[in-house]
Amino acid sequence: MPRFLHTADWQIGRQYGRFAPEDAAVLAEARFAAVERIAAAAARERVDAVLVAGDVFDAQTVSDRTIRRLFNALQGYEGPWILIPGNHDAALAESVWTRAQRLGAVPPGAHLLLEPGVRAFPELGFAVLAAPLTRRQTHDDLTAWFDAAETAEGLARIGLAHGSVQGILAEEIDSPNPIAAGRARRARLDYLALGDWHGFKQVDERTVYSGTPEPERFRDNGAGRVVRVDVPGPGRTPVVEPLEIGQYRWIAWDETLSVGSDLDLLVERLDGLPPETVLDLTLGGALDLAGGRRLDQALSVVQGRCRSLQVHRAGLRLEPTDEDMAALRADGYVGEVIAQLRLQQDAGDAAADTAREALAILAGLLGDQAEGS
């Protein structure tokens, strides 16, 4: 009864240019830590092998140090690591894989399947049918040969591939590296371990995308997992169990603030976020000066506690109330300007929005000045 951990899309060396440098460095480092946790899980679950279905590296051009660090991260599990290239790290004539071999960085337990073929592990009770990508994109189904491939009687047949199962993407998406739906059935596979989709997805009872073990997108698609697979025996249905492995939670919120209770609820939700949060927050609506200051304070606290906070405020207006403006005690020329802007913002013409923005900026500056005095 072979047991596996199935994983894919590590994309070691990925860069996070949209984030602040401090956050980008930590998120890149988290991908190495994810591999170390996979190794620990493999040892803890006593699996017979770890199946890695492509895109181990994010690019062919990662540094030698990155290559060495990746293979060092496998040390926590001494059993076989069975790896194939994906579209990001295709097995070209000269590739990140050939460089790893020249460096002597590949440990004995890592089996790099860089060409299509069957690799048998009779002592462990299974054979792997591997369909590595030897170029970044192809419109041929590289798993087609699985159907006629022979394996020794009594061994579980395990497919390992990287690509897109046809018929499960939106029709307008033209996906390269196709894999025929029903391949596991036609090729008499006991399990087909796939990479390419970055979220967990079970296509059928024998065909599974593990997703990336460390989330890197705000889409809630089940990323941050590996899959434990128990194969009861040749021809029998495998038992598939996703296991949480990721460190950071990527969350996207789109919030409209119209009344005071909206802000209360947002502040309460922000206070409840754990430190492992990567939050993308889009704000709309309107706040008075007191609400704006309270929001700024809450965001400042979250920014110091969570891993990353990105805030988009273009849709949020600051609309000072009569009480706000009176509390600023603006007199003289500044008071006259404020009075004119308030008249213009209520006029309802094309200049009203500009006047409202100018008034909000001026009120904010005066408020900051009052607080500092």
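Analyst: Two strands count as paired if DSSP finds at least two bridges between them. In this predicted model, an open sheet of six strands has mixed pairing and the order S4-S3-S2-S1-S13-S14.

User: How do you know that strand S3 and S4 pair?

Analyst: The cut-off is at least two bridges. Strand S3 (residues 81-84) and S4 are joined by three bridges, in the parallel sense, and therefore count as paired. One of the bridges links Trp 81 to Ala 110 in S4.

User: What makes S4 and strand S14 stand at the edges of the sheet?

Analyst: S4 and strand S14 (239-244) each have a single partner strand, so one side of each has no neighbour in the sheet. From one strand to the next, the twist averages 25°.

User: Why is H1 called roughly parallel to H2?

Analyst: The two helices pack at an angle of about 30°, and their axes are 9 Å apart. Angles under 35 degrees count as roughly parallel, and H1 is therefore roughly parallel to H2. Glu 29, Phe 32 and Val 35 of H1 make the contact with Thr 66, Arg 69 and Leu 70 of H2. By class, these are three nonpolar, one polar and two charged residues.

User: How do you know that the buried residues of H2 line one face of the helix?

Analyst: The buried residues of helix H2 (residues 64-72) are Thr 66, Ile 67, Leu 70 and Phe 71. Seen down the axis of H2, they fall within an arc of 130°, so they line one face. Their cover includes helix H1 (21-45), helix H3 (96-103) and strand S4 (110-112).

Note on methods: Residues are numbered from 1 along each chain as its sequence is written. This is a predicted model: local features need pLDDT of at least 70, side-chain atom pairs count only at pLDDT 80 or more; totals for chains, interfaces and linings use all residues. Side-chain values use heavy atoms; hydrogens and water are left out. Buried means under 20% relative accessible area, exposed over 50%, partly exposed in between (1.4 Å probe, protein chains only). Helices (H or I, at least four residues) and strands (E, at least two) are DSSP runs, numbered from the N terminus. The arc is that of the directions from the helix axis to the C-beta atoms. Contact means heavy atoms within 4.5 Å. Axes are lines fitted to C-alpha atoms, for helices over the stretch in contact, and angles run from 0 to 180 degrees between N-to-C directions. Angles under 35 degrees count as roughly parallel, over 145 as roughly antiparallel, 65 to 115 as roughly perpendicular and the rest as oblique. Ala, Val, Leu, Ile, Met, Phe, Trp, Tyr, Cys and Pro count as nonpolar, Asp, Glu, Lys and Arg as charged, and the others, Gly among them, as polar.
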